[in-house]
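Please keep the sequence and the 3D view at hand while reading.

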Amino acid sequence: MPQQEPWTVKRILEWTCGYLGRRGDEHPRHSAEWLLCDATGLSRVELYVNFDRPLAPEELDRMHAGIERRAAGEPLQYVTGEMPFRHIVLRCEKGVLIPRPETEVLVDAALEGVDAAARAAGGPTRVLEIGAGTGCISLSVASERPGTRVVATDLSPVAVDLATRNREALGLVDAVDIVQTDLAADVDPALMGTFSVLVSNPPYIPTAVLTNEVPAEVKDNEPELALDGGADGLDVFRRILELAPRALCPGGMMALELFEGHLDKAAELTRAAGGWASVEVREDLTHRPRVLVAVREGELPAASPVIAQKVVKVNPAAPEPEVVSRAVEVLRRGGVLAVPTDSVYGLACAATADNPAHRKIFSIKRRDLAQTLPWFVSGEDGLGRWGSDVPDYARDLARRFWPGALTLVVTAGEKCPPEYVQPGSLGPDGLRGPATIALRDPASKVVEAILAELGEPLAQTSANLHGCPAATCAAELAPQILAEADLVLDAGAAPLAVPSTIVDCTGASPRVLREGAIPAADVL
């Protein structure tokens, strides 16, 4: 019996292209490539250098299911469940509008408004998005302009759920608030009038156009709520135009994606409403009118509303419970905290596995991720819990100087997540020494209270940009740190204003690696 020809990448690609073309797909090669990438996990380039690679049975099953769904007219983005948008990748599911390339022009306009407001305020700004959908606009703004705070709303619970999952996958929980509501009805009233940018891709297709001209692949699969803009496509636009003066700060920008045939009418309505210093229409990537950009009269605020909201005073001698709880909530959500210690101010995150805040700290400081973060722990118990084979002299140092400005480098215990551990160095015999971790119990009531409520160590480093002096009070924190940290606790001046002393405790006797607040002679 002759052996059946295997389904290689080349064979399945060519077969799928022909099959989808016969079923009416206008771009069958593109569809075939996308489906095959999804089934195999290969990139488009990798497909073409692996033509002879046979597909595994499970890959063939996934490919077959995808082909049938695509042949039935289902959009590729729903079939594969994800799509790239600008610099991010989003989950994309039925019931939520699929992001279009032209919406990237809308994001560009919104970023212009963000940048103008940030320059005027000397710090991050606040954005309101109406109709979040997948979250493509809000999440792009937040990821491309760290520190920006976005409130995104959507009437659809399905869209809110998907945008929330995309936000979590991208590690932007503290940057983007997602609210299920009609326009801005349930947005915090205290925020109204503080937004520097209002951005929206509302439903804007005129009803007759949607009925008679829009391809079946779109109108039969994507939600009508996100498409139908009423008789002239401007029903929701009119409501946003009425809302904008209440939402935006003086000098704030409104940026909206609208139907190409009705941009001029929208611009006329905006000018007629009054209060706008400028109104313009911009083209999309195909040179069709697509985006309305209007700027409110007045001067942009000279102070950042975001920084003012997230810098919180705390009593260093008796930290307020509500402030401690707020800090712990930020840490548990994967946020970064600027925290006062006994030595200098630090940038801290919960020392838990796969915490996105760990990477964010290095990004804020512009430091190499290959370096490690010391931990704040609670007393000698923390030394024993997270260290391994801790020598007696290290325990003695902890009893003498903790809580205090002494950091002990010890062999890392098995419970320490690997991203926080410093790999051992190679010895002359070619063998690698034990991995290490740096531990400290600071003399700080603020840190003590946070550790007690959090129940986890804090991974931390000095709150300064790489190569710059450490901050000894909140007023010395660099603008970039104020912008990108999720919460800043201000307890006034640090008592010591000097970094901790670091001692290597992995050898037969202690070795001072850096002399700081505690003299080396006292340690040795």
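In this predicted model, the largest nonpolar core holds 67 residues, and the members that touch the most others are Trp-375, Leu-408, Ile-450, Leu-477 and Leu-489. Helix H14, which covers residues 321-332, gives the most to this core, contributing six residues. Apart from it lies another core, made of 38 residues, including Leu-191, Val-214, Leu-227 and Val-236.

**Around Trp-375**
- Leaving aside residues up to four places away in sequence, Trp-375 touches a set of residues that includes Ala-351, Trp-386, Cys-416, Pro-417 and Tyr-420.
- Also among the contacts of Trp-375 are Ile-437, Ala-438, Leu-439 and Arg-440, together with Pro-457, Leu-458 and Ala-459.

- Helix H2 (residues 28-40) has 13 residues and should span 18 Å at 1.5 Å a residue, which agrees with its end C-alpha atoms being 18 Å apart.
- Buried residues in H2 include Pro-28, Ser-31, Ala-32 and Glu-33, as well as Leu-35, Leu-36, Cys-37, Ala-39 and Thr-40.
- Just after H2 comes Gly-41, which takes a positive phi of about 80 degrees.

**Strand E6 and its partners**
- Strand E6 (residues 195-200) is mostly covered, since six of its six residues are buried.
- Strand E3 (residues 126-130) runs parallel to E6 and is joined to it by four bridges, with Ile-130 standing opposite Ser-200 of E6.
- E6 is also joined by five bridges to strand E7 (residues 248-257), again in parallel, and Leu-198 has Met-254 in E7 as its bridge partner.

**Backbone features in loops**
- The peptide bond joining Trp-402 and Pro-403 is cis, with omega about -10 degrees, and Pro-403 lies in the loop between helix H17 (392-401) and strand E14 (406-411).
- His-287, a residue other than glycine, has a positive phi near 65 degrees, and its place is in the loop between strand E8 (276-283) and strand E9 (289-296).
- Because its relative accessibility is 62%, and exposed means over 50%, His-287 counts as exposed.
- Asp-389 is not a glycine either, yet Asp-389 has a positive phi of about 50 degrees, and it is found in the loop between helix H16 (379-386) and H17.
- With a relative accessibility of 70%, Asp-389 therefore counts as exposed.

Technical notes:
Residues are numbered from 1 along each chain as its sequence is written. This is a predicted model: local features need pLDDT of at least 70, side-chain atom pairs count only at pLDDT 80 or more; totals for chains, interfaces and linings use all residues. Side-chain values use heavy atoms; hydrogens and water are left out. A nonpolar core is a set of buried Ala, Val, Leu, Ile, Met, Phe, Trp, Tyr and Cys residues joined through side-chain atoms within 4.5 Å. Buried means under 20% relative accessible area, exposed over 50%, partly exposed in between (1.4 Å probe, protein chains only). Helices (H or I, at least four residues) and strands (E, at least two) are DSSP runs, numbered from the N terminus. Contact means heavy atoms within 4.5 Å. The expected span of a helix is 1.5 Å times one less than its number of residues. Two strands pair if DSSP finds at least two bridges between them.
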